[in-house]
Each structure stands twice: as C-alpha cells, then as structure tokens.
Amino acid sequence: MRSTCCARGEPGFGFRHGQVWAVHLGWSGNQQTYAERLANGARVLGAGEALEHGEVRLAPGEQVTTPWTYAAHGTGLDVVAGRFHAWLRSRPHAPARPRPVTLNTWEAVYFDQSLERLTALADLGARVGAERFVLDDGWFGGRRDDTTSLGDWVVSQDLWPEGLGPLVEHVHRLGMEFGLWVEPEMVSLDSDLARAHPEWLFSAGGRRGLESRQQHVLDLGHPGAYAHVRDQLVALLRTYDIAYLKWDHNRYLNDAGHTPGGEPGVRAHTLAAYRLMDELRSARPGLEIESCAGGGGRIDLGVLDRCVRVWASDCIDPLERQPIQRWTFALLPPGWVGTHVGSPRSHTTGRRHDLSFRAQTALWGHLGIEWDLTTATEEDLQVLARWVAFHRRHRALLHGGTVVNGDHHDDATWVHGVVAPDRAEALYGVVAVRRAVSGPGRVRLPGLDPDRRYRVTVPDPGDEGLLEERPVVPWARTGLVLPGRVLEEVGLPMVPLHPEHAHLLQAVEVR
C-alpha cells in the first residue's frame, strides 16, 4: 500500500513546459497505478484499488463503490499541481483557518518524557512563536521504548501521576493548542491488548502476521478491536482539551489476514480506519487529524477527506527534504504538508546544517519545530523566532498561493516559490543542493504577470547575511525593479551560494 501520483508527458517536459497528464487514486489501501501502451497504439494512465482474491463478494443485486481516481492535465507539472491544489482547497472540509506553527516533541525528547522537561520545552516554543504543542510517542502504558504498549491507549501513571492535565493546562496558559500522538492501528506483542486478544492481530496462513518496526497490525475489521481503540481514544478526547491528533501509520499491511479464516482484510481495515477518524471528529468537533505516514504510506486524497495535514517523511534533514517536499507539493498544497525545523545535526542522516538552511527549507509548508530548544543558544532562539514570525506574516501567501518551480539550466540549483492568486506578490527560494558544474548563472522567476513591474529584494529573516566572505551581486543589496516578463524569461544574476544553502527572493508589484 503506497500513495502515488503518476505523471507522464511529452518528451522533455518540465515544470513550465510540455503537455503533462497525471492520475492519482484517492485510497489508503492496496492500489495499482499504471502507464501502458495498448495494442492499438493508444497510451493510457490509470489507477484502481488492488483487491485480493475474495476480498469483495457481491450477492445478486448488491453493489460496491470503488475509490475515486483523480486526473489532471496541463502544460507543465506546475499547472497540473495547481489544478490538484485548487480542487483540494475548494472542498468543504479544507482547512479554514491559518495553519498553526507546531512544536513537536519527538526529536526533542524521544521517550524521555517528564512534566518538568516538557513544560520547559513548551515555554521556549511559545517564546519563538509556536502555536500548537504536540506530545509525541511515549505518554501511554509502559511505553519507554518502541517494543511495548501500542494498543494500550491509557495515560501512563508512572510518568504522569496526575494525568496529562498539568501539561495540557500549561500549554494552554502559554496560548498554544495541545495535540497528541497516537498509532491506533498498531499493536505491540508486549501489551495488555495483545495478551487479551491475540485474535485481533492480522495473521495469514496459520501464522502471526509479519512483524515490522517491532509492531503488528490491529485488524480494525474486528468489531471488538475497533470498539477498543475508539472507546480509549474518545475517553482521552473527553478528558483533555485535545485539538489535534498526530495519527501515525508507518508500515505496510503485510500478511493481512482476518482471523480466524485468514480472509484478506486490507479493504475492511481501511474503511474501518476512515470510519474511526470520522467518529473521533464527531466526538470532538473541531478536532484536526494529521495522517503521519513517513515515506508516503498514507498520503492520498482518500484520507484527506478526514485529515488536514500529512507528514511526508520521518527524515527532516533539510537536504533530503528538498526533493521530498518538491514532489509531495506536486499533489498536495504546501499548507497541508508538515515541514519542520530540526536540530543542527540531523537525527536520521547525521548531517549538520546551518539554521538558515533548515528554516528556509521548512518555511514553505505547514511550519513546525522538532528540536530540543532547551539546548539551543540564545542567538539561535532569536534567529528561529524571526523565521517563525516571517512565516506567520507570509502564511496566507505560502499556503494560498500558486506553487511554481523554475526549470533552471543546472540541476544543482533549484528555484521554487509561491505566487499570489492575483500575482501582486511572490516569494521564491533559491537552493544550492550541491556544487554547480558551471558558474551560478541567472535565476528566472516563474509565474509573474509579464506586463507588470515588480520590485525584487532578498529578505533575510535570520539576519545571517548573504555569503559575506564573497562579493554579492549589487542588486541583492539594494533591490531592483523589472517587468515580470524580464524576470521570467531573462532572470537575475544569481547570488552566490555554498552547497546546501539557500536564500529567499521576494517580488512585489510596483503600482
């Protein structure tokens, strides 16, 4: 099970040229996407649910509703993405309020949770401008590492003798919303749930289902399993003022046999997961749910009937995140994709990056922070606060604008941005993903009105300077005014950048 958007086009197509066709299946279960040439020479794209033998059985007069297949066509990948984005934003359940800057505790503390440590983290999060605090994995049962307690969605009395109330109240006093991590479809063998009901776990061929990430899958197709998870989560929502659930789902549904007979169970499980999300939102009006699926396991237009945010990858190394975000934005609007500022040294790759690169990479989506701010220097806290404030000032543009990408002459340099719907302003990011073979060349700014004039400047939220040890092109210090046609077709001399660095460009119409 994986969510994909399959795009094909004329030879040599790019972001801004060439006819492109794309399809996507709005379904979080097993699926197939294909591109093929038929015997008559016609070339087709398609997608559909992949059903196992006997997974759907219809009696005479019965019918089944298949998942929706979505398709778009346009000149260049940007136009195709824009059509998906416009349709998603038009739906009744699209986010109706600004996306709150999120502080997530996972890479800050992992399983080392305490009220003292987390309130200190929340204090610093509020100071730099965070608007939502999310308590991640480790708050429930005997969960002190990733081997135990999934399925036991009860607050740990050892860690939280007074419950989560003191933390929730502290977060609210700071003016932030409170969110909570859950993984409702997974179960640890070392859990009260698995010991009491081993028959609720997926299994196939008379054996227990394949273990992955030291966890198994709870078959929500069992009414008892479904009721168990629903009742425990509803109890949490009724006990605490929880505005947001980070709903994790980070593994495939292997050996997904429904006990006791071993019948295929993915379809029933997927529909039950959808129903569970619907019930929780009904129980707690206004509840927002994130589909957290590292690697794109559940990022599709089916689950997005219920969720307002997705997590594109558990890797927040900014260099890795550049392509991850580029291609996730090809289907989803940036405001629906979580993009976090991590610690100076990436927990997943070991790379080190300047705060400017980490923040500029995270700026473009649903901004978050996943960094132990208690270890940050005072200077870093001040710089991070300026980046957060810049994001909040430009959030309407970042989340409501048209996504554009430049077809740069050297793929060591990436140009991307958002243009306001009325094309009166735009923000661009220029990114050196590696050292260019040739000189920096010129940067062309796509998407502006060719007949209007724009002032282009280089905003610097972090006040870190533009590679001060090298000469900088004069226009970058003073700004300049040019027609949109010149900016898109001729471009500007590029500001020098070291590899794995980036800078911003801002274009505002001159009236």
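**View 1. Phe 140 and Trp 181 are both buried**. Buried here means under 20% relative accessible area, with exposed over 50% and partly exposed in between (1.4 Å probe, protein chains only). This is a predicted model, in which local features need pLDDT of at least 70, side-chain atom pairs count only at pLDDT 80 or more, and totals for chains, interfaces and linings use all residues. Residues are numbered from 1 along each chain as its sequence is written, and side-chain values use heavy atoms, leaving out hydrogens and water.

**View 2. Trp 27 and Tyr 274 make an edge-to-face aromatic pair**. Rings of Phe, Tyr and Trp (its six-membered ring) pair if their centres lie within 6.5 Å; planes under 30 degrees apart are stacked, over 60 edge-to-face, and the rest tilted. The whole structure holds 12 such pairs. Trp 27 sits in the loop between β2 (19-26) and β3 (31-37) and Tyr 274 in helix α7 (residues 266-283), so the pair ties together parts 247 residues apart in sequence. Both residues, Trp 27 and Tyr 274, are buried.

**View 3. Phe 140 and Trp 181 are stacked**. Their centres are 6.1 Å apart, with 15° between the planes. Ring pairs also link Trp 139, Phe 140, Trp 153 and Trp 181 into a cluster.

Technical notes:
Helices (H or I, at least four residues) and strands (E, at least two) are DSSP runs, numbered from the N terminus.
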